[in-house]
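The following note sets out numbered points for a colleague who wishes to examine the coordinates alongside the text.

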Amino acid sequence: MDTNTAVMENMESNNPKKTFWEAVKDFFGKDLVQYIFKRVLMFIPTIFLVSILTFFVIQLPPGDFVSSHISSMLTSGEMVSEAEAQAMREDYGLDKPFVVQYVKWVKDIIWTPTDSSYYRINHSHHNWKYSFSYGQNVWTVIAERLGITVGITAIIMVFQYAVSIPIAIYSATHQYSVGDYIFSVIGFLGAAIPNFILAIVLMYLSYKWTGDPNLGLELKSGVGPFLKSLIIPLIVIGTSGTCGIIRSVRAQMLDEIGRQYTLTARAKGVKESKIIMKYCFRAAINPTVSGLGGILSSLFSGSTVTALVLNLQLQGPQLLKALQTQDMYLAGAIVMVQAILVVVGILLSDIALAFLDPRIRYSGGSR
Amino acid sequence: MSRKLKTKEDYYLASQWTLMGRKLKKHKLAKISLLILAILYIGALFADFLAPYGLEEFNSLYKDTAPAKIHCMYEGKFVGPYVFKLRDELDFSTFTRHIYEDTSEYYKIRLFTHGEEYKILGFIKSDIHLFGVGEGSNGGAGAKIFLFGADKLGRDIFSRVLLGSRISLTIPFASAFISFFLGIAIGGLSGYFGGVFDIIIQRIIEVIGAVPQIPLWMALSAAIPSGISSVKIYFYITVILSFINWTGMARVVRGKFLSLKNEDYVMAARLAGVSTWKIIWKHLVPGFMSYLIVSLTLGIPGSILGETSMSYLNLGIKSPATSWGVLLQEASNVTDVAVHPHKLIPIIFVTITVLAYNFLGDGLRDAADPYK
């Protein structure tokens, strides 16, 4: 969202930053800037649709959260009368149509005090920002884990690309060699074994071999232990995506290597490494760059099960728990945050793609 | 000369599918994968007959026991494959259950034994199972043969793997098929018409891709009315998976339509007054059908793995009905894996199936490539 508003601000406040703005235009070219502007505008309806879908999804499970909240209050010994329950329902607008509830939800999620004591004391001010199970503002609850989730996801993504792209280039340039086969088999196996099983087996093996039962169990503080505990999550979450990237880059590379321009370059005596890196690789990387958003979203979903098994303090298990306990504000807010992150990822990957491939800026982004 | 020309003529006249089939035959891994998949699907079809025990048959004595040991020699004599009956004993120093083989009599493994009743292919009643354990050498009874060991309720994992394959192999297939058609229809329309319609569809695809999958699964499976038969629940789960997975296919189809719709032959068809619908189905879709088949093949393994994740989160099929994901629930923590490693056996089937589909998809892709 930040990059979005930053770009928008740049576009509106032309006068004070005119030199900078012109520099940007000169650097990227006019087409690219126009393309980015168009894509950023598209971002707004996407977020709007995401919010509608999110709200619809969190409403789907049968029964409403007020009844589940009341039943949990009753079990903890609090008395709730029928009139109070009815008042609560009215406060949340549960008797109103879908559209009204949705508008209230969006309003509440954006504007309300962040002081957590406000929610404990003032029960009559029911709004969508309050997490039942934590008794706190949902943003406070989310903030606890958001940093680490984004950090880990970023590390895993960098790991995936750093590992898979060199392997893919090697496999493509040494097609049907022993190395190609070995990498293919490992990649296929990594993708064929469900994440949670791989996590459990690795945990067991690490316990057997190193005697450290906590290896990978939780994210610890301190650089050394932190990196050590990152090994298993990296392998488990990383491998499933790595295989996909290796295969798509390898297939694309093979296509490009077979093209006539490669032959021409080779005939002209261009160095092989230059042919591969400057021509083939640049053309082959496109689908991978455009798949960035998808990879981000599969990382969020894929890491949930792994994080559950390994007891990682990530957003996924928090979301799952919120959904199971019908803590619908928290769930809705987490889904929104993750979805916005993914949409931003797609936006950035589209911009990167336009930067890499001039054909896309000219044709207005139809890929 | 005539023969050679004939084959050459055949080659030029051969349809796209004949050529694909011919190339696929040369791809060894794909052929082996196809064979393995055929065996697995036949196994699923005749699961009741091949499995020695029924879905709900259990024996609490055998709970968590390791795979049955099959012996051949009894007291120095060859008697053919047999198993011993298990007995348990409480170890009073540690208060743990100790299970041992009762070697006083042996139980021969027999073919075509009578067991739980079932219906072959859903309509022929039978109670014959491929193999089982007969009477003991001294007339005893009650021995079991659990080839892959037993789960925590004392049910045969081998039987349950076979019976579970009926769901694990068909639901992903059906789900991939539904997303296949949704993807072609929506992606095709989006690519063919373009404009506002295209923009809207693109946003929808982006949105479905952006919302995390787990809440979608949870919300949709929570929306399944409770108290309906398990068969219906499978059906709903299939539909759920496909409503999330069609977006990838739609993207591929849209891209292909964008590049094909301006080809001369499409223009010619349009000028000749062919209807839009006919252009899409007769002229455009066959042009990249092979790619779609590849995507379909490669989409199935994703659904198989998705089903295991769903079951792990308790969102999928509920016991006593079973699938490979349900079986793997028992291997969902370190203690289980450490103490009862045999519970990981279903993973072998998941992995083999996923690998086979992947290799088959690769082989099909190579076969569909006209430049190779």
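Which residues does Lys119(B) touch, not counting residues up to four places away in sequence? The second point below gives the reply.

1. Basis of the note. This is a predicted model, in which local features need pLDDT of at least 70 and side-chain atom pairs count only at pLDDT 80 or more, while totals for chains, interfaces and linings use all residues. Residues are numbered from 1 along each chain as its sequence is written, and chains are lettered from A and ligands numbered from 1 in the order in which they are written.

2. Lys119(B). This residue touches Ile124(B) and Lys125(B), once residues up to four places away in sequence are left out; two residues are in contact if their C-beta atoms, placed from the backbone, lie within 7 Å. Lys119(B) belongs to strand β3 (residues 96-120) of chain B. Lys119(B) counts as exposed because 10 other C-beta atoms lie within 10 Å; the classes are buried at 20 or more such atoms within 10 Å, exposed at 12 or fewer, and partly exposed in between, with C-beta atoms placed from the backbone. Between Lys119(B) and Ser303(B) there are 184 residues of separation in sequence and 28 Å in space, C-alpha to C-alpha.

3. The hairpin. β3(B) and β4(B) form a hairpin with three residues between them, and Leu121(B) in the turn has a positive phi of about 55°. The two strands pair in the antiparallel sense over nine bridges, where pairing requires at least two DSSP bridges between the strands. In β4(B), Ile128(B) stands opposite His114(B).

4. The sheet. Four strands of chain B make an open sheet in the order β1-β2-β3-β4, with antiparallel pairing. Its edge strands are β1 (71-74) and β4 (124-136) of chain B, each pairing on one side only. From one strand to the next, the twist averages 55°. β1(B) pairs with strand β2 (residues 77-91) of chain B over three bridges in the antiparallel sense, and Met73(B) has Phe78(B) in β2(B) as its bridge partner.

5. A helix pair. The axes of helix α9 (residues 264-271) and helix α10 (residues 276-284) of chain B come within 11 Å and cross at roughly 145°; axes are lines fitted to C-alpha atoms, for helices over the stretch in contact, and angles run from 0 to 180 degrees between N-to-C directions. On the α9(B) side, Tyr265(B), Val266(B), Ala269(B) and Arg270(B) meet Ile279(B), His283(B) and Leu284(B) in α10(B). The residues of this contact divide into five nonpolar, one polar and one charged, with Ala, Val, Leu, Ile, Met, Phe, Trp, Tyr, Cys and Pro taken as nonpolar, Asp, Glu, Lys and Arg as charged, and the others, Gly among them, as polar.

6. The interface. 37 residues of chain B are in contact with 40 residues of chain A. Among the elements that give two or more residues to the chain B side are α6 (195-210), α8 (230-260) and α14 (345-368) of chain B. α7(B) gives the most to that side, with eight residues. By class, the chain B side has 26 nonpolar, nine polar and two charged residues.

7. The chain overall. Chain B has 14 helices and four strands; these are DSSP runs numbered from the N terminus, helices being H or I of at least four residues and strands E of at least two. Of the 372 residues in chain B, 38% are buried.
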